[in-house]
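Colleague: Could you walk me through this one? I would like to take it piece by piece.
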Amino acid sequence: MILRALPRLTLALMAGPVLAGLAGTAYPALRDGARAFRDLAAWTGLPRAAALSLGTGLASTALSLFLCTLVLAALHGTPTFARIRSLLAPLLAVPHAAAALGIAFLIAPSGWIARALSPWATGWTAPPDLLILNDPYGLSLTLGLVAKEVPFLLLMALSSINQTDPDRRLTTAATLGYGRVAAFVLTVFPTLYPLIRLPVYAVLAYAMTVVDMALILGPTLPPTLSQQIAAWQMAPSLTKQGTAAAGAILQLGLVLVALALWRAVEVGARRFLTRQAALGHRAAGADLPSRLLALLAAGTLGFGLFAGLAALALWSVAADWRFPEAFPHGISLSAWAIASPDLLPATALTLGIALAATFAAAMLTLACLEAETRFGLTATPRAMLLLYLPLLVPQIVFLPGLQTLALTMQIQGTWPAVAAVHLVFVLPYVFLSLAPAYRTLDPRYATTARALGATEARVFWRLRLPLLLAPVLTASAVGMAVSIGQYLPTLLVGGGRVTTLTTEAVALSSGGNRRVIGTFALLQLLLPALCFWLAIALPRMVWRNRRGMQT
Amino acid sequence: MTLVLENLTVDHGDRRLVSLDLRIEGGEITTLMAPSGSGKSTALNAIIGTLPQGFARSGRVLLNGRDLTRLPTRLRRIGLLFQDDLLFPHLSVGGNLGFALPSGPDRTKRIAAALASVGLDGYAPRDPATLSGGERARVALLRCLLAEPEALLLDEPFSRLDAALRDRTRSLVFDRARNLGLPVLLVTHDAQDADAAGGPVLTPLGLPAR
C-alpha cells in the first residue's frame with residue numbers, strides 16, 4: 001500500500017534535506033582540524049555580528065509576543081479586533097523582502113515620512129545625513145521583523161485560542177471583578193502560551209538568522225552573522241565555504257543558546273504569573289492604558305506596512321519625485337518599460353518554481369491526510385516536530401551544506417533543484433493550513449456515502465475534495481506565497497543563476513534605483529495577493545448556486 | 001429479507017455497551033431505546049462497520065444470510081439515515097440522488113420519478129440548502145433508498161423535525177420501508193417513535209425497554 005506509507009515518506013522528505021544539509025555544513029567546518037573555526041575567529045567583526053544576531057532576534061521576538069498578547073488582551077472580542085483579524089491574512093501574504101523594502105522606502109532619510117514632514121516641520125531641503133536604515137544597532141531590522149511577526153503570532157494564537165475556553169474564563173474573571181487585561185493575562189494566556197510555543201520558537205530562530213530582511217534593513221559594518229555567512233558562501237572564489245560552514249555551526253549554537261535563555265524566562269514568567277494570580281490584584285486600572293497602547297501599536301504596524309507598500313507602488317510609476325516633495329510630479333510607466341526585459345523572465349521563473357513546489361506539496365499533504373483518514377492513523381507529536389523541522393532549523397544553518405551537496409550532484413543552479421528545496425519549506429505550511437479543515441470534515445458524510453456503496457476513491461474524489469475545495473485552494477495560496485517569498489534557498493541552491501523576483505528585489509535594494517526596486521517589489525507582492533484572491537474567488541464562483549458551500 | 005444480529009456484543013474496556021441477539025424480518029421495525037450515551041450509536045457503528053479503535057466486537061451480523069461482519073461499509077447494503085440529513089452541500093438535489101443510484105440507464109428519469117413520488121416534482125436542479133426541513137428529510141430518505149439497500153438503520157432521524165413534520169416524515173419512512181419489505185432498526189430516545197414503529201422495543205443490552 002503506497003498510500004499507507006506516504007506519511008512516513010513525506011516526513012523523510014522533510015527531515016532528509018535538513019539532516020543532509022546539517023551534515024553537509026558540519027563536514028567542511030570540521031575537516032582539517034577545525035581550521036575553518038580559526039579562520040572564523042580571525043574575523044574582527046565576529047563578536048559584534050554574533051551579538052547583533054542575538055540582540056535583534058531576542059528583542060524582536062519578545063516585542064512581537066508582547067504586542068500580540070497586548071492586542072489580544074485589550075481587544076479580543078471587540079469590533080476593532082474583527083477588523084484587525086481581517087487584515088492578518090493579507091499582511092501575512094506580504095513577502096518579507098517586499099515588507100522590508102516598503103519599510104525602507106518609508107523610514108529612510110529620503111523616505112516618505114521625512115518627505116511628508118519636510119520642509120515645514122523639519123526644515124530639511126535635502127535628505128538629512130542620518131543613519132536610519134542599516135543602523136549599527138539593528139533597530140530598523142528589529143522594527144521590520146516585528147511588523148511581520150506580530151501578524152503571524154496573532155494568527156497562530158487565534159487558531160488555538162478557542163481551546164482555552166476564553167469567553168467563559170474572561171466572564172468568570174470579570175464577575176470576580178477583574179479588569180479585561182488582567183483577566184486575560186492571568187486566566188487565558190497561561191494555557192494559550194503552550195499552544196503557540198512552537199511558533200514562538202520558530203519566530204525566534206527565524207529572526208536571529210534572517211538574511212533578506214537583514215540585507216535591506218540591517219547593519220552593514222559588521223552585518224549580522226547570517227548575512228556574513230551568506231556572503232562567504234556566495235563568494236566567487238569558493239575559498240570561504242569552510243568559514244561559512246563554521247559560521248553556520250556557530251549560528252546554530254547561538255540559536256540554541258537563545259532558545260535555552262527563552263525557555264528559562266518562560267519558566268520564570270510562569271511562576272510570576274501564577275503568584276500574581278493568587279494575589280488577587282484586579283488591576284482594572286490597566287485596561288484603558290493597555291487599550292490605547294494596543295490600538296497605537298496595531299495602528300502603527302498596520303499603517304506602516306500598508307504605507308510602505310503604497311510607497312513601493314508609487315515609486316514604480318513616479319515620473320519626477322524630488323526631495324522634499326510629498327508626492328511625485330507625474331506618473332510614468334518608464335520604469336516598468338525599462339525593467340520589463342528582466343521582470344518578465346523573473347516573474348515566469350518565480351511562478352513556475354512556486355507552482356511546481358506548491359503542486360507537489362498539495363499532493364503530498366492530501367495523500368497524507370487521506371491516509372490518516374482511511375487507516376485511522378494519528379500524527380504523533382514526534383511526527384509533527386519532524387514536519388516542523390525545516391521551519392525550526394534556521395535556513396542559514398543547513399542550506400550551505402545543501403548547496404555543497406547540490407554542487408557535487410551538479411544540479412546547483414537549475415530551477416527544478418530550487419523548486420525541490422522550496423518544497424521543503426512549502427509543505428509544512430500547506431499541511432498546517434489544510435489539516436484542520438480536513439480533520440474536522442463531518443465523518444458522517446463519508447459514512448453516508450459508503451452506506452450508499454461508494455468506494456474510498458469515490459468518497460475522496462466526489463466528496464472530500466469538492467467539499468474541501470476552498471481550504472485546498474487557500475492552503476495552495478499559502479504555499480505559493482511561501483515559495484514566492486523564499487530568498488536564501490533560491491540564492492544558494494540556485495547558485496545566483498536562478499533569478500526570481502525576490503532575489504532580484506533584494507539584489508537591487510543596495511543600489512539606488514527606487515523606481516526599478518518598486519517594480520520588482522510590487523510584483524513580488526502582487527503575485528501572492530493574486531493567489532489568495534483566486535483562492536477566495538474560485539470556490540465562490542464554482543459554488544455560486546450552493547448556499548451550503550458559502551463560507 | 002432478514003437482518004440477524006447473532007450474539008452481537010461490543011465492549012469498551014471492561015464495560016459492555018451492546019449485547020443483542022435478534023432477528024428482524026422484512027417490513028418489521030425493531031426499536032433500540034435508551035438515553036443518549038448508552039451504547040445506541042455503538043450498536044449502529046457495529047452493524048454498519050464503523051466501530052472506532054478501542055471497541056471490541058464479537059458475534060455476527062447477517063443480512064439475508066450474508067455474513068457482513070468483516071465487510072467494509074460500502075458492501076453491506078444497509079441504508080442509513082442520521083439525525084441530520086447530511087445532504088452533500090456541493091451537489092444539487094439530483095446530484096445527491098445520482099450519487100446513490102447504481103449505474104444504469106434512464107438515470108434522469110428515475111431521479112425525477114423518485115422525487116415526484118414524494119411530492120418534490122422538478123426539484124432535481126435545486127440547491128439542497130434552499131429546501132425546507134421536511135423536503136430535505138424526504139430527499140435524504142430517497143437518497144438512502146435509491147442505493148437499493150436490503151435493510152435500514154435509522155439513527156434518531158426524526159429528532160430534528162418539529163412535531164407535525166415529524167409524524168408525516170415518520171409515516172413516510174415507515175411506509176416506504178414496509179412496502180419494500182426492508183428490515184428496520186430504529187434508534188431513538190423518543191417513546192412516540194417507538195410506539196409508531198409498533199415492533200419490539202429493546203435496550204442496547206437486549207433487555208425489554210418497557
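Modeller: Gladly, and let me begin with helix 19 of chain A, which covers residues 469-485 and reaches 24 Å from its first C-alpha to its last, close to the 24 Å expected at 1.5 Å a residue. Please keep in mind throughout that this is a predicted model.

Colleague: How many of the 17 residues of helix 19 of chain A are buried?

Modeller: Twelve of them are buried, so helix 19 of chain A is largely enclosed by the rest of the structure. Among the buried residues are A:Val472, A:Ala475, A:Met480 and A:Ile484, and the list also includes A:Gly485.

Colleague: Okay, now the two chains together. How many residues does the contact take from chain A and from chain B?

Modeller: Chain A brings 24 residues to the contact and chain B brings 27 residues. A:Arg444, A:Leu452 and A:Arg546 supply 28% of the area that chain A buries against chain B, which is more than any other three residues. The area buried between the two chains is about 2,300 Å², and carbon and sulfur atoms give 63% of that.

Colleague: And how many salt bridges are found across the interface of chain A and chain B?

Modeller: The rule finds one across that interface, and in a salt bridge between the chains the side chains of A:Arg444 and B:Asp84 meet at 2.8 Å, N to O. Across the interface there are also nine residue pairs in polar contact.

Colleague: Which helix of chain A gives the most to the side that touches chain B?

Modeller: That is helix 17 of chain A, with seven residues. Helix 17 (443-451) and helix 18 (456-467) of chain A each supply at least two residues of that side.

Colleague: Switching to chain B, in what order do the four strands of the open sheet run?

Modeller: The order is 2-1-4-5, with antiparallel pairing, and the edge strands, each pairing on one side only, are strand 2 (15-25) and strand 5 (66-67) of chain B. Strand 1 (residues 2-12) of chain B pairs with strand 2 of chain B over nine bridges in the antiparallel sense, and B:Leu5 stands opposite B:Leu22 there.

Colleague: What about strand 6 of chain B: is its pairing with strand 7 parallel or antiparallel?

Modeller: Strand 6 and strand 7 (residues 151-155) of chain B pair in the parallel sense, over four bridges, with B:Leu80 opposite B:Leu153.

Colleague: Which salt bridge have you got for B:Arg110?

Modeller: B:Arg110 forms one with B:Glu148, and their closest N and O atoms are 3.5 Å apart. This pair links distant parts of the chain, with B:Arg110 in helix 3 (residues 107-117) of chain B and B:Glu148 in the loop between helix 4 (133-146) and strand 7 of chain B, 38 residues apart. B:Arg110 is partly exposed, with a relative accessible area of 35%, and B:Glu148 is partly exposed at 38%.

Technical notes:
Residues numbered from 1 in each chain as written. Chains lettered and ligands numbered in written order. Predicted model: local features only at pLDDT ≥ 70, side-chain atom pairs only at ≥ 80, totals over all residues. Heavy atoms only, no water. Pairing = 2+ DSSP bridges. Expected span 1.5 Å × (residues − 1). Buried < 20%, exposed > 50% of the residue type's maximum accessible area, 1.4 Å probe, protein only. Contact = heavy atoms within 4.5 Å. Buried area = accessible area lost by both parts, 1.4 Å probe. Salt bridge = Lys/Arg side-chain N within 4 Å of Asp/Glu carboxyl O. Polar contact = N/O pair within 3.5 Å; in protein donor to acceptor, adjacent residues only side chain to side chain.
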